Amino acid sequence: DLSDVHKRELQLKSGVVVRSVNPAAARAGLREGDVILAIGKTDIRDVKHFNDMVEKLDASQNAVLLVRRGNGVQYVLIRPSGR
């Protein structure tokens, strides 16, 4: 989760910080330190909400993440792994 200090520094209300990246996520463009703001059109509130959203993803379809890196924001297209 983003700490209150991190939220103030980044001027964000919510999101989750990427702490580690597996090879597939790295190939998709995610990096440690990125902040995931949304999955599709749904804003991510915290880690629990992120995990709940990931569980609901269709493994046969790509998902779009809205990611903040530094002062920029970008979309990252990922393919959920099969569960």
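Reader: What makes the residues of the lining of the largest pocket nonpolar, polar or charged?
Author: Residue type decides: Ala, Val, Leu, Ile, Met, Phe, Trp, Tyr, Cys and Pro count as nonpolar, Asp, Glu, Lys and Arg as charged, and the others, Gly among them, as polar. The lining divides into 16 nonpolar, 4 polar and 5 charged residues. This is a predicted model, in which local features need pLDDT of at least 70 and side-chain atom pairs pLDDT 80 or more, while totals for chains, interfaces and linings use all residues. Numbering runs from 1 along each chain as its sequence is written, and side-chain values use heavy atoms, without hydrogens or water.

Reader: Which residues of the lining lie nearest the centre of the largest pocket?
Author: Of 25 lining residues, these are Asn22, Ala25, Leu30, Phe50 and Ile78. A lining residue has an atom within 4 Å of a pocket point.

Reader: Which element gives the most to this lining?
Author: H3 does, with 5 residues. Strand E1 (16-17), helix H2 (23-28) and helix H3 (47-56) each supply at least two. Helices are DSSP runs (H or I) of at least four residues and strands (E) of at least two, numbered from the N terminus.

Reader: Why is Arg79 called exposed?
Author: Exposed means over 50% relative accessible area (1.4 Å probe, protein chains only). Arg79 has 54%, so Arg79 is exposed.

Reader: Where does Arg79 lie?
Author: Arg79 is in the segment after E5, the strand of residues 72-78 that holds Leu77. Between Arg79 and Leu57 there are 9.3 Å in space, C-alpha to C-alpha, and 22 residues in sequence.

How values were computed
On a 1 Å grid over the protein atoms alone, a cavity is a set of points where a 1.4 Å probe fits but cannot get out, and a pocket is an open set with protein on both sides within 12 Å along at least five of seven lines; lining residues have an atom within 4 Å of a point. Buried means under 20% relative accessible area, exposed over 50%, partly exposed in between (1.4 Å probe, protein chains only).
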